[in-house]
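Have the structure open as you read.

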Amino acid sequence: MDLHLKIWRQKDRQSEGQLVNYNLTELNPHMSFLEMLDILNEKLIVEGDEPVEFDHDCREGICGQCGMMINGIAHGPLEHTTTCQLHLRSFKDGETVLIEPFRAEAFPVKRDLKVDRSAFDRIISSGGFVSVNTGQAPDATAIAVTHQTAEEAFDSAACIGCGACVATCKNGSAALFTSAKVTHLVLLPQGKEERSHRVLNMVKQMDAEAFGHCSNTEACEVECPQGISVLNIARMNYEYNRALFFRKL
Amino acid sequence: MILNSKIPEGPLEKKWENYKKTAKLVNPANRKKLEVIVVGTGLAGSSVAASLGEMGYNVKSFCFQDSPRRAHSVAAQGGVNAAKNYKNDGDSIYRMFADTLKGGDFRAREANVYRMAECSLNLIDQAVAQGVPFGREYGGYLNNRSFGGVQVSRTFYARGQTGQQLLLGAYQALMRQVGKKSVQLFSRHEMLDLVLVDGKARGIVVRNLDTGEIERHAAHAVILATGGYGKIYYLSTLAMGCNGSAIWRAHKKGALMASPSWIQVHPTSLPQSGDYQSKLTLMSESLRNDGRIWVPLNENETRKANDIPENERDYYLERRYPAFGNLAPRDISSRAAKERIDAGFGIGPLKNAVYLDFSKAIKEQGKEKIQEKYGNLFDMYLKITGYDAYQEPMMISPSAHFSMGGLWVDYELMTTIPGLFALGEANFADHGANRLGANSLLQASVDGYFIAPYTIANYLSQEIHTGKISTDTPEFDKAESNIKQQIEDFIRINGTKTVDYFHKTLGKLLYDYCGLARNEEGLKYAIGEIKKLKQEFYRDVKVSGKGNTMNTELEKAGRVADYFEIGELMCYDALTRNESCGAHFREEFQTPDGEAVRNDAEFQFISAWAWAGENNEPELIKEPLVFEEIQPTVRSYK
């Protein structure tokens, strides 16, 4: 199959970017989207051009490193899929595909399709953990967790931190990412002790990183590769209000 | 050189306890004067950096990804082993030790393996305390399942994403220390050289992958937790960025490399479907708990899987290994698949796969139960292949996966360079010639959480008077200028072939001649071909862009340059070992029915290799393996 690509090229954070046209022919529909970019880059290198810089690593849909806007949709047309798990069979022969970096004030472009998502790390650093040092843990059976609770916590813990939720949100909000961690840890007995401290600090950091506010359009859940539910955001709001209330007491 | 493995005195079950009792300590007030560099943020790297940070050392943590949470430990699926005996099925530390030693074909150190089994109990406790949502029984207790190579249930899991959840636990512990400023984080940095001062590891030279700047970092000890080098085959289950460069550069500075040819080929990956492919995706081995593996009985079968009746199917693992059946260890299962594929019974468009069939399990347990256990894997299979494995069997195929080889380390996990430690998959220890399923997450974690914090402290106790180490020294100058020269050379060659072309060509050579099966003639041929390919690389590679900016091609060029040398050493290693053991199957040494023949009389040792300089044959140094507790037996799973 053939594809016409319009790819955002930007030398660095300071430079102005622009869309550049590329044509690829004789592509195999079973190829992944990133393998298609590999082929484009091979071609560009041999022709003496610089390849398109894009982030990727595991190519199994789990590391969260890949991510780009494809035809205006985070990770492309399929629901709940990372870019590495998107295959050309999802496109039509001869289609024009627009490829841009994730856009958000808190995710500045580094080059071409690579963006800086270190704001997520700083949010985790502000409280997204259980404060337990190595070697202090009691026997694992001492903390009973029901099957349902463990599974519910897992649903939230499954977030891969790719940033699609931010990129797809009209406000550039990190509410889904942050709330997933808040929910994962607050559901488990071992994470309950720090619940107030955690949510207040994480929300504060989220704001400091220039992420926008959540206005409940629920677009994030639609594009999330792991299908993280917006109910996490409701829980984060509850936890936040609860923490504020008890802090005043 | 005589290798001193520093195994403590005393009976096996007391060795680690004795070590901890006598290891030297560093006073908390002195810890803040000591700096430690950790390269890699996977399970081993994050856990050790977090643990040392908690203890009060100054830690610098490096990774090439954009966030430490991306490290490839995240992709491990099936589970993590621990001898908790929660199932009351007869498990114990001793049994886990015995299974692991046997699984590794008696090519690992007894003391290391026992310690790993011993520390496994604490790891589950640690992970649960961090909030890792392991699978639970309805009563609230932890659940577990069985895995390849063992007959008890000792594998704890978090759906099919155990590596992800364990890594996030370690990552969160790491980020907690980053917030407390006891750990400084350097993401998008790649280690390009190790710096030695007076024979001790004193720092590293790194390239900032965002800016292209070369930076110097000094420390009192350097820890490499960089994972394995299985990506050398190009097609593998590893992430695209996984590489062997950090350990290889350390090797060229004097650290010995042990058992480099032992690379596990995983039996349950998705088959290759075309030349464009960049990687092979692993499907968790846990699938073998409920999936039955088979190929058609008839050669060149053209019918679809569901149209082939039961009596025309060959469940070859159940046939050949009735005691373990579909749970036979990875090396055995991979070779058995290769045997059937080579014999002409392979399935799929390229006839390079075997079936993994869930129809019986779905019939017995219901689709819902199977969905709950493996749902994400079935979804992944559907996304990648376009086929629904609830309706028809999966197609799976063997693929390069985990390197059992790595830097030689002693019982303290220290390499032959004082002050340089290697953890997790970056070292050679614990797995012998074959790693049992769910032992890799375990080894990486216990190295980082429970072993290195004691052994590194023992080393650092001698360093409290050293004072701050400067990066403004001739040793750092030289390392930096070498790196800059290499970068300039890559850019200057300006040839006609891409880095990926060379990587793919090397990978194919290794697959064919130093892969699932090897022989003397093929290995000698491969060494010659690798040398030629390396020369061509330095004559004709094309690296576009500049050295002092973000440049992914340049990163890849450095890694592939190292792969040529690692690949050559892998072939030397495989050539000298005239036996079949674990992942190393030398065709000359097999029984008439195709089982491996080990030669304990001549090869009961670890092969540790010293770098002898460019274009020289590497030097082999042997560490004899002594078995006091379990005498090596013929490994049978029949």
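A salt bridge here means a side-chain nitrogen of Lys or Arg within 4 Å of a carboxyl oxygen of Asp or Glu. Keep in mind that this is a predicted model. By that salt-bridge rule, D477(B) pairs up with R216(B), with 2.8 Å between the closest N and O atoms. This pair ties together distant parts of the chain, 261 residues apart: D477(B) belongs to helix α13 (residues 474–493) of chain B, and R216(B) to strand β8 (residues 214–218) of chain B.

**Salt bridges**
- Counting over all chains, the rule turns up 75 salt bridges.
- Between chain A and chain B, the count is seven.
- For an example with one partner in each chain, look at R188(B) and D55(A), whose closest N and O atoms are 2.8 Å apart.

**Where chain A meets chain B**
- There are 45 residue pairs in polar contact across the interface of chain A and chain B, both residues being at pLDDT 80 or more.
- On the side of chain A that touches chain B, at least two residues come from each of α1 (33–46), β6 (109–111), β7 (114–115), α2 (118–125), α3 (147–157) and α5 (175–187).
- Which element gives the largest share of that side? It's α3(A), with eight residues.
- Sorted by type, the chain A side splits into 31 nonpolar, 25 polar and 20 charged residues.
- The contact draws on 76 residues from chain A and 76 residues from chain B.
- For chain A and chain B, the buried area is about 6300 Å², and carbon and sulfur atoms give 50% of it.

**Rings and charges over rings**
- The tally over all chains is 33 aromatic pairs.
- One cluster, held together by ring pairs, takes in F490(B), Y501(B), F502(B), F537(B), Y538(B) and F564(B).
- K367(B) puts its charged end over the ring of Y390(B), 4.7 Å from the ring's centre.
- R559(B) sits over the face of F64(B), with 5.2 Å to the ring centre.

Key. Residues numbered from 1 in each chain as written. Chains lettered and ligands numbered in written order. Predicted model: local features only at pLDDT ≥ 70, side-chain atom pairs only at ≥ 80, totals over all residues. Heavy atoms only, no water. Contact = heavy atoms within 4.5 Å. Buried area = accessible area lost by both parts, 1.4 Å probe. Polar contact = N/O pair within 3.5 Å; in protein donor to acceptor, adjacent residues only side chain to side chain. Helix = DSSP H or I, 4+ residues; strand = E, 2+ residues; numbered from the N terminus. Nonpolar A, V, L, I, M, F, W, Y, C, P; charged D, E, K, R; others polar. Phe/Tyr/Trp six-rings, centres within 6.5 Å; stacked < 30°, edge-to-face > 60°. Lys NZ or Arg CZ within 6 Å of the ring centre and 35° of its normal.
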